[in-house]
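Q: Could you walk me through this structure? I have not worked with it before.

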Amino acid sequence: MNKNHTDIQEIISRMTLEQKARMCSGKDFWHLEGFEELGIPSIMVTDGPHGLRKQTGTADHAGLADSVPAVCFPTASAAASSWDEALLQEMGEHLGDECRQEKVAILLGPGANVKRSPLCGRNFEYFSEDPFLSGKLAAAMIRGVQSRGIGTSLKHFAANNQEKRRMSIDTLVDDRALREIYLAGFEIAVKEGKPDTVMNAYNRLNGEFCSEHSQLLTEILKNEWGHEGFVVTDWGAENDRVQGLKAGQELEMPGPAPDNTRLIIKAVDEGELDLAVLDAAIARMLSVILKTSSSLEDEFQYDEQAHHDKARQILRESAVLFKKTGILPPATSGLLAGVG
């Protein structure tokens, strides 16, 4: 048993049931619950993934409140056109450095859903229609951010392909399509990038909400792919808190959520929720909290001009030009005669 694991178990042994239950939801819109007397800091998470969106005043979903100045990097839809893993890793490194300056422990990104409809309002923050490309670039960006000691949150898991009725839509996918299209990119990103957290999607998948989908969150993500971090809901994606914990969903955001805290306590007291399940959830969260918070202890300042220059370079490398080299137009005789 390593020292970090020993420390985490010692902290958990000193926590009350109420403290454990409270840790399963956020302290507020952007912060996780902390207990300084137990050595558990309250860390900040905030939106990316293409630029740090750290709000300075009242938090909101729409991003209308003021935010600290940050460099605007190209979106995933643009950067994916580079097909350049090294470039995406560099972008992650720069984003990680901005998080270090602003004391943000976890950057909420990248997004790795496969684009299936032009009507999806989040296509700009997903890489590609191709799961292999999406997975490789997501893994590279994750490695870049986390090389700075900052956590990432791979999202939105899974099959999140539209915004209309996103809180209730049921995505119906057969097993082969699920594995070959919708999960393939996530699998690559998890195994090769090892993100500290994974964010579940709003939608249902084959009848079950992704926030309480045990096959998705435990059987596949944790057991099969070996994810060691924790699962966080998309903001407001919680449905049944106790079932979510049982399924492998550790953190509800945003918070606080006193009603769900009471439900967790009641479920443990009445034997509906095994205390070992709750303790395992806390252990996963603590492993990330303690690691990322330690990376923010020293003061740091990034070079803003250098980051703007890097953003311009990424944009240049992502610009694609098709050149006519004799392949097009198609032949005007033979099999292609009359086509077009």
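Predicted model: local features only at pLDDT ≥ 70, side-chain atom pairs only at ≥ 80, totals over all residues.

Q: What share of the residues count as buried?
A: Of the 340 residues in the protein chain, 52% count as buried. As for contacts with a separation of 6 or more, 74% are between residues 24 or more positions apart.

Q: Let us turn to the sheet. In what order do the five strands run?
A: The order is β1-β2-β3-β5-β8, in an open sheet with parallel pairing. At the edges are β1 (45-47) and β8 (230-233), each of which pairs on one side only. Neighbouring strands of this sheet are turned by 30° against each other on average, direction ignored.

Q: Over how many bridges do β2 and β3 pair?
A: Strand β2 (residues 106-108) pairs with β3 over two bridges, in the parallel sense. Within that pairing, I106 stands opposite G151 in β3.

Q: Which strands does α11 touch where it packs on the sheet?
A: Helix α11 touches β2, β3, β5 (197-200) and β8, and its direction makes about 90° with that of β8.

Q: How far apart are the end C-alpha atoms of α11?
A: They are 28 Å apart. Helix α11 covers residues 275-294, and at 1.5 Å a residue its 20 residues should span 28 Å, so the two values agree.

Q: What happens at the start of α11?
A: There, a side-chain oxygen of D274 reaches to within 2.9 Å of the backbone nitrogen of A276.

Q: Which residues of α11 are buried?
A: The buried residues of α11 are L278, A281, I282, A283, M285, L286, V288, I289, L290, T292 and S293.

Q: Why does I282 count as buried?
A: I282 counts as buried because its relative accessibility is 0%, and the cut-off for buried is under 20%. Leaving aside residues up to four places away in sequence, I282 touches I12, M15, K20, M23 and C24. I282 and M23 are 259 residues apart in sequence, while their C-alpha atoms are 7.3 Å apart in space.

Q: Switching to α7: is this helix enclosed or open, and why?
A: Helix α7 (residues 184-193) is largely enclosed by the rest of the structure, because seven of its 10 residues are buried. Those residues are A184, G185, F186, I188, A189, V190 and G193.

Q: What covers them?
A: The cover over the buried residues of α7 includes α5 (131-146), β3 (151-157), α6 (175-182) and α8 (214-224).

Q: And which residue follows α7?
A: K194 follows α7, and its phi is positive, near 55°.

Q: Is H213 buried or exposed?
A: H213 has 4% relative accessibility, so it counts as buried. Not counting residues up to four places away in sequence, H213 touches L205, E208, T218 and A247.

Notes. Residues numbered from 1 in each chain as written. Heavy atoms only, no water. Buried < 20%, exposed > 50% of the residue type's maximum accessible area, 1.4 Å probe, protein only. Helix = DSSP H or I, 4+ residues; strand = E, 2+ residues; numbered from the N terminus. Contact = heavy atoms within 4.5 Å. Expected span 1.5 Å × (residues − 1). Polar contact = N/O pair within 3.5 Å; in protein donor to acceptor, adjacent residues only side chain to side chain. Pairing = 2+ DSSP bridges. Axes fitted to C-alpha atoms, helices over the stretch in contact; angles between N-to-C directions.
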